[in-house]
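Biologist: Please put the model on screen. I would like to go through its fold and packing, one question at a time.

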Amino acid sequence: MGRLRNLAQTFYEFATTHVEEPDVPVVADGDDGYDKSTKIALLLLKEEVNKPLRQFEDYLNEMPGILAVFGLENSPDYTSFSVWDGEFPMKELRRLLRRSAEQAGLSGT
């Protein structure tokens, strides 16, 4: 889990520096939505883990250390990931994934 937690941290840092408002809370009070940097970081992690969405949701819920990186207690619902996929251009996500992989010393991503 250490490698995956480090990767989650890298994705979160990249996503946070990528968005315009990095100080917005992860989940706003009274809001069921997530901030842009959390969405991007979780989408990048989803691509790296490469599991079906329902399994990815369960996977995250079984790893509180990874959720803690994002300041979350529970994983977003699997349907959220489908919605988020449509919010961000794949070109942008691939660029961030490539940059984070280069910095983390990963290859083949």
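Biologist: What percentage of the 109 residues in the protein chain is buried?
Modeller: This is a predicted model, and the share is computed from it. A residue counts as buried under 20% relative accessible area. Of the 109 residues in the protein chain, the buried share is 42%.

Biologist: Which pattern does the protein chain follow along the sequence?
Modeller: Count the elements. The chain has 6 helices and 0 strands. Read along the sequence, the pattern is α-α-α-α-α-α.

Biologist: Take contacts between residues at least 6 apart in sequence. What percentage joins residues at least 24 apart?
Modeller: One pair shows what such a separation looks like. Glu13 and Ala41 are 28 residues apart along the chain, with C-alpha atoms separated by 8.2 Å. Glu13 sits in helix H1. For the contacts you ask about, the share is 64%.

Biologist: Is Glu13 buried, partly exposed or exposed?
Modeller: Its relative accessible area is 43%. Buried means under 20% and exposed means over 50%. Glu13 is therefore partly exposed.

Biologist: How are H2 and H3 oriented to each other, parallel or perpendicular?
Modeller: Two packed helices are described by the angle between their axes and the distance between the axes. H2 (residues 36-49) and H3 (residues 53-61) have axes 11 Å apart, at an angle of about 105°. Angles of 65 to 115 degrees count as roughly perpendicular. H2 and H3 are therefore roughly perpendicular.

Biologist: How many residues of the contact of H2 with H3 are nonpolar?
Modeller: H2 brings Leu42, Leu45, Lys46 and Val49, while H3 brings Leu53, Phe56, Tyr59 and Leu60. There are no polar residues and 1 charged residue in this contact. The nonpolar count is 7.

Biologist: Where does Asn50 lie, and is Asn50 buried or exposed?
Modeller: Asn50 is in the loop between H2 and H3. Its phi is near 55°, a positive value in a residue other than glycine. Most residues other than glycine have a negative phi. At 66% relative accessibility, Asn50 counts as exposed.

Biologist: Why are the buried residues of H5 on the same side of the helix?
Modeller: The buried residues of H5 are Ser80, Phe81 and Trp84. The face turned away from them carries the exposed residues Val83 and Gly86.

Biologist: Which helices do the buried residues of H5 pack against?
Modeller: The axes of H2 and H5 come within 10 Å and cross at roughly 105°. That makes H2 roughly perpendicular to H5. Overall, the buried residues of H5 pack against H2 and H3.

Biologist: How many charged residues are in the contact of H2 with H5?
Modeller: From H2 come Lys39, Leu42, Leu43 and Lys46, and from H5 come Phe81, Trp84, Asp85 and Glu87. By class, the contact has 4 nonpolar residues and no polar ones. The charged count is 4.

Definitions and conventions: Residues numbered from 1 in each chain as written. Predicted model: local features only at pLDDT ≥ 70, side-chain atom pairs only at ≥ 80, totals over all residues. Heavy atoms only, no water. Axes fitted to C-alpha atoms, helices over the stretch in contact; angles between N-to-C directions. Helix = DSSP H or I, 4+ residues; strand = E, 2+ residues; numbered from the N terminus. Parallel < 35°, antiparallel > 145°, perpendicular 65-115°, else oblique. Contact = heavy atoms within 4.5 Å. Nonpolar A, V, L, I, M, F, W, Y, C, P; charged D, E, K, R; others polar. Buried < 20%, exposed > 50% of the residue type's maximum accessible area, 1.4 Å probe, protein only.
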